[in-house]
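Please read these notes with the model open beside you. They cover side-chain pairings, starting with rings and ending with charges.

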Amino acid sequence: MSFILLLLGSLLIRHEEVLILEPGRTAYPLIYPHVVNGTLELDSLDSGYGIQRGVLYLDFPPAETLIVQARYMSLQDSAIVPVRIHDQTTETRFASDSSTRELRELGELRGLRVLRVQTEQTLNVHGSKTFSVSVNDRGVSDVDQGLSVNVSGKLSNVDVEAYLTDEEGTFIPEGTTERIEEFDRIAIGLSQEQWKLNMGDLDLSHPLQGYGVIERRLQGATGKLEFEKFGAAAAFGIDGTKNAHEVLATTDGKQGPYYVGDRNSQQPVIPESERVYLDGVLMESGRDADYVIDYSTGEITFTNYRRIEATSRLEVDYTYAGADYRSDNELAGFSAGPFEAAFYREADSRTHLFHTWSAQQQVILDTLAGGDAIVPGGRWVGENKGSYAIEDGHYLWTGYAAGDYEVSFRKVDAGAGDYVLDSDSGFFRYVGADSGDYSAEILTALPARNEALFLSANETLGALNIAVSAIGSRTTPNLYNRPNTLLGHAHIMQAGIEGQRLALALGHRLQTPQVWIPADGDDAGAADRWNCDSLPTAYNEQNLEVSVIPIDSLNLGVESGHLWTHQHAFRAGLTSSAPFFNLRADWLEHRQRVALDAYPRFGIWTPLAGIGFENFQNTRNTRNVSPMLGLVISPFDKLTLKTQASRRIDQRRDAEWQDTLHYDRVSAGGEWDGERLTSSVNTGIERIACLDTGETWQAFFADIYTAYTHSTRIRLYADLSQQTTQSKTQIVEYVPVEPGTGEYARDPETGEYIPDEHGNYHRVVTTHEGAEPEIQRSANLGTDLNFDLVRFWTAFTYHQSPVSNSILASGRITLFPKETLLNLIVEPSYRNQRFPTWGGMDEALLGWGTELELRSRVHPNYLLRLEGSYDTQEQYRGAQPLRSRQESSAGLSPIIDLWLRIEPLIGFGTLRAAEPLYYPDLEEIVIRKAWAGSDFQKRFGDWKLTAGGLLTQRQPNVPEDDLPYLISRDDPAGLHPGWTAGVTYSPAKGINLKAEYEGNFYPDDRGLENEFELSAGMYF
């Protein structure tokens, strides 16, 4: 009997997976089909169910989308690849954006994840692929695709890891409607014990001993080969990114935002590429860690767990999307025993992404030494092919295809240019030398090439360790002028002896002015040691460190250093640490500082005490003292309580030392990390008193986060924050550019700037900060309560800053979620936003609405749906009303599923709008509308035919010619017929081919519009 039980235990495998239950669907195939009877368990499922041939069948479909977790036992079968097949013949996977977003949010709220079990010679594969092409009367209107595939496992004893996706993750930054899209990612990895190969979109990471790590985001391939004493690495890829380093000025009490990133880049900061150093220490990102960052704007905001002061040193290394050239990256590395060598090259393409140079422009570029270049903005394109002509030595606008030149204009200081923008025509007009604010020229970066050869040796001989590394580099700052090449080198030599109680280390580092080091993020700590914002490119440094352990658990260290740049500098330091205290001190010629922290533990009590001192003897002649007291209590494992009080006293010496600033901070907090409840609190008061001016500022700060997960039915979370910030004003300007090369056009009727790929304006966003610290508040609340009679899903977001605020609230309430006879779904929403705009005036937007849906399945083949909605919106610019909209609708859309699936639709609604700023004479605009139509579906085996038609009648209370553009574009007056027809073919499980035609007739100048779409999908 024991042998049989042992055998069964080796054949049975326990699995867990997450199932997404959708309305109208009852069959769900499981990943592992050989399910042992009686072992299936489903959380929070009210319907009855059964298992047949690895497929879960529900007694009745859910009223709305649910996520449940399934646990079961299955027989192990290595011959069966655990690939999940979606049955396309029973339910489509094409979903709306809102439903997809809801599924993601539900999954995040519950914190569920899919667990996959891997067996030998088996790949775990799941994902989807879609592709569509749309063609209308004006040509190809849209090409869209979506791919998401995850692969992991073994094939022929080769480990396989692959991730393929081009589904765009988009979000809308607050205060703007721009969409920020992440890059597509395709990565495939193959490996065995001695080799590894990665291909596709990948992150290159190659360490250089003593210099940090080469980190790049590439499209290409990397490979590694490793034996016992031999190794090799190679990489090649195309890089569209650039690296940057910034040192930011900090302000007492200002937690953020601090801005980093390239303002001219489509992606100022590549996600997860930043390395933030505060006083030489690498920070950790996260709301419950040190800082958060908005990658779309480059805004870094520190949490209240990390105090920011005026004396703090803030440095950021990051990667951004390049805007001028793409570059080729090549790496070749070799290691043998203690020796290592690597060659790395970054070479820009000679082809500019936005400009094709004329012969005259190319001659200028070929003679420059490097950096940026200013070239003439006009080039001859052929007779009657350009928009400008030359008259008396300057350019004259002639109209499209009426001149011989195309010209680019650059905005310069007032009175430094020769041209102005003509407000009537929207083009540039010559006004005389040094009389305008535009110049006919182009400011451009030059393509560069950097190459570096790295050599190192690291050997340990008993207690002695010796390490030597060197870099020789060659830089061509302008590939158009290749003879202009700069050579440089750097080297590091280190030696150390380590015994049981004593350790000695000696280091030397030298860099020449022209050296190029491809590794990132290795100088922040060194710069802090020397009280520099950043070390210069060329320097010579020596360090000596001695560490002693006189008794167990006590470490003593002494260090000294010498730095030569344009003059000599010396430093000395002292460190001591034990389980209950830390001591740090260092001396420079013009700065001395010491810090002592004590934290002895007595049972559950840990008192905190500390003091810091910093003295400057240069032209500032200042010093500061920072005492601190606190207490940490750990009554049991899951709970930690902490309170702390500190003050920083800044002093300046004229005749004698005088206090100039007091920065006080008192905080209290705690953290609970339980199975169902997770919570953290950090609150307190900070106060700044500027004794010179007599001004005093104080504020309450707080970070409160709580999440309670009782079960998959009940989850609550709250995230509240109040912290110090500095007022910021975001100004949006639309700068005229060469006609046809911009992204925006200006509507002549309303004055609004409208997105246009061939417009005449470029959108420029600038941010200005105020001088006084102010308060910023934010809150995020959410619930997901799923009971027998009602289900609540809510989300609330509140944000307030000195110049903008927003309140966004939405919810979903479902009555009788278990019932199929009657469901009532209510979705209220509220929006209140204020944000700065051009002209120095604020815009305010206030809106709220609700959607109501009543569902009743009176028969298995009949589903009755009643829908209604109401939405209102008011917008102001300063005190002036800008526009208002009120829209209501009601409709009936039952589903009749007989031989033919019929979805009739009938409804009516009213739109009330006003444009008092642009159209004050129109007063209120009322557009009544009604619609009627139906959709039809019929399946014939693997084929599905669809057809539909919809008639919409809109009747305004004003003449059609008087309707404002923004209204007539969305709601044209008159009868608007629309019709669709399509066919879907599913030749196999998980494969879907679709063709669809859509026609529309508009009563305005758009007339008849036709669109044809081909798409394909594969689900597995």
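1. Start at Trp848. Trp848 is partly exposed, at 42% relative accessibility. The term has cut-offs: buried is under 20% relative accessible area, exposed is over 50%, and partly exposed lies in between (1.4 Å probe, protein chains only). Tyr870 is also partly exposed, with a relative accessible area of 29%. The ring centres of Trp848 and Tyr870 are 5.2 Å apart and the planes stand at 50 degrees, so this pair is tilted. Rings of Phe, Tyr and Trp (its six-membered ring) pair when their centres lie within 6.5 Å; planes under 30 degrees apart are stacked, over 60 edge-to-face, and the rest tilted. Trp848 sits in strand β57 (residues 842-859) and Tyr870 in strand β58 (residues 862-877), 22 residues apart. Strands (E, at least two residues) and helices (H or I, at least four) are DSSP runs numbered from the N terminus.

2. A note on the source. The model is predicted: local features need pLDDT of at least 70, side-chain atom pairs count only at pLDDT 80 or more, and totals for chains, interfaces and linings use all residues. Residues are numbered from 1 along each chain as its sequence is written, and side-chain values use heavy atoms, leaving out hydrogens and water.

3. The whole structure holds 18 aromatic pairs. In one of them, Phe409 and Tyr419 have ring centres 5.0 Å apart and planes at 65 degrees, so the pair is edge-to-face. Phe409 lies in the loop between β29 (405-407) and β30 (410-411), while Tyr419 belongs to strand β31 (residues 419-421). Phe409 is buried at 10% relative accessibility, and Tyr419 is buried at 4%. Both belong to an aromatic cluster that also takes in Tyr388, Trp397, Phe428, Tyr430 and Tyr438.

4. Charges over rings. The charged end of Arg665 sits over the ring of Phe701, 4.0 Å from its centre. Lys938 does likewise with Phe940, at 5.5 Å. The rule: NZ of Lys or CZ of Arg within 6 Å of the ring centre and within 35 degrees of the ring normal.

5. Salt bridges. How many salt bridges does the count come to? It comes to 31, taking a side-chain nitrogen of Lys or Arg within 4 Å of a carboxyl oxygen of Asp or Glu. Glu215 and Arg275 form one, at 3.0 Å from N to O. Glu215 lies in strand β14 (residues 212-226) and Arg275 in strand β18 (residues 275-278), so the bridge ties together parts 60 residues apart in sequence. Glu215 is partly exposed at 33%, whereas Arg275 is buried at 17%.

6. Glu346 and Arg216 meet at 2.3 Å, N to O. Glu346 is in strand β24 (residues 339-348) and Arg216 in strand β14, 130 residues apart. Glu346 is buried at 15%; Arg216 is buried at 5%.

7. A network. Asp252, Arg307, Glu309, Arg648 and Asp650 are linked by salt bridges. Within it, Asp650 and Arg648 meet at 2.8 Å, N to O. Asp650 is buried at 16% and Arg648 at 1%.

8. The largest nonpolar core. It has 19 residues, and Leu204, Leu208, Tyr211, Ile471 and Ile517 have the most contacts inside it. Such a core is a set of buried Ala, Val, Leu, Ile, Met, Phe, Trp, Tyr and Cys residues joined through side-chain atoms within 4.5 Å. Strand β13 (195-208) is among the elements giving two or more residues, and β13 gives the most, with three.
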